[in-house]
Amino acid sequence: MSTFAATTVLAAATYGDFLVGLVPVAVFALVIVTAGYLTRCWLFPFTTCHHSDRYAWRCRRCQGTGLRLRAGRRLINHLTDARHRYHR
Ligand SMILES: [Zn+2]
C-alpha cells in the first residue's frame with residue numbers, strides 16, 4: 001500500500017467517524033425543529049392563504065376567509081381524532 005492510499009483510507013475513516021458523530025446531532029436538531037413546528041401549528045393553526053384576490057370567493061383551501069389550516073395542524077387534528085376514536 002502506498003503512502004497516498006494509506007492517507008486516503010485514514011482520511012476516509014476519520015471522515016466516517018465525523019459523520020457518525022453527526023447523526024445524534026442531526027436527529028436532535030430534527031426533533032427540535034419538528035417539535036417547534038408542531039408547537040407553532042398547535043398555537044397558531046392558521047396560516048394566510050396565498051390565493052389571488054380575484055379568486056378568493058371560490059378558493060377551496062380557505063373558502064374565501066384568507067385563513068388556511070397548516071399542514072402540521074391538519075396532521076395533529078388527524079392524530080388526535082384517531083386517538084379519540086380509539087378510546088371511544
Ligand atoms: Zn384561499
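1. Trp42 is exposed because 12 other C-beta atoms lie within 10 Å. Trp42 belongs to helix H1 (residues 3–43). From the C-alpha atom of Trp42 to that of Ile32, 10 residues apart along the chain, the separation is 15 Å.

2. On provenance, this is a predicted model, in which local features need pLDDT of at least 70 and side-chain atom pairs count only at pLDDT 80 or more, while totals for chains, interfaces and linings use all residues. Residues are numbered from 1 along each chain as its sequence is written.

3. How confident is the predictor in the protein chain? The average pLDDT (the predictor's confidence in each residue, from 0 to 100) is 86, and 94% of the residues score at least 70. Confidence is highest in S1, at 93, and lowest in helix H2 (residues 71–87), at a mean of 85. As a reading rule, where pLDDT is low, the predicted coordinates should not be read in detail.

4. The protein chain holds two helices and two strands, in the order α-β-β-α from the N terminus. These elements are DSSP runs numbered from the N terminus: helices are H or I with at least four residues, strands are E with at least two.

5. Is the overall form compact or extended beyond the globule rule? The radius of gyration of the protein chain is 24 Å, whereas a compact globule of 88 residues would have one near 12 Å. That radius is taken over C-alpha atoms, and the globule rule is 2.2 Å times the number of residues to the power 0.38. Along the principal axes, the C-alpha trace spans about 75 × 45 × 20 Å. Of the 88 residues, 1% count as buried.

6. The domain assignment divides the protein chain into domain 1 (1–43) and domain 2 (45–88); such bounds come from an automatic or database domain assignment. The centres of the two domains, taken over C-alpha atoms, are 35 Å apart. Four residues of domain 1 are in contact with five residues of domain 2, where contact requires the C-beta atoms, placed from the backbone, to lie within 7 Å.

7. Val31 is another residue of helix H1. Why is Val31 exposed? Because 10 other C-beta atoms lie within 10 Å of Val31. Val31 and Leu69 are 38 residues apart in sequence, and their C-alpha atoms are 22 Å apart in space.

8. The loop between S1 and S2 contains Ala56. Ala56 counts as partly exposed because it has 14 C-beta neighbours inside 10 Å. Leaving out residues up to four places away in sequence, Ala56 touches His51, Gly64 and Gly66. Ala56 and Gly66 are 10 residues apart along the chain, and their C-alpha atoms are separated by 7.4 Å.

9. Gln63 also deserves a look. This residue lies in the loop between strand S1 (46–48) and strand S2 (67–69). Phi of Gln63 is near 55 degrees, a positive value in a residue other than glycine. Gln63 is partly exposed because 13 other C-beta atoms lie within 10 Å.

Technical notes
Two residues are in contact if their C-beta atoms, placed from the backbone, lie within 7 Å. A residue is buried if 20 or more other C-beta atoms lie within 10 Å of its own, exposed if 12 or fewer, and partly exposed in between; C-beta atoms are placed from the backbone.
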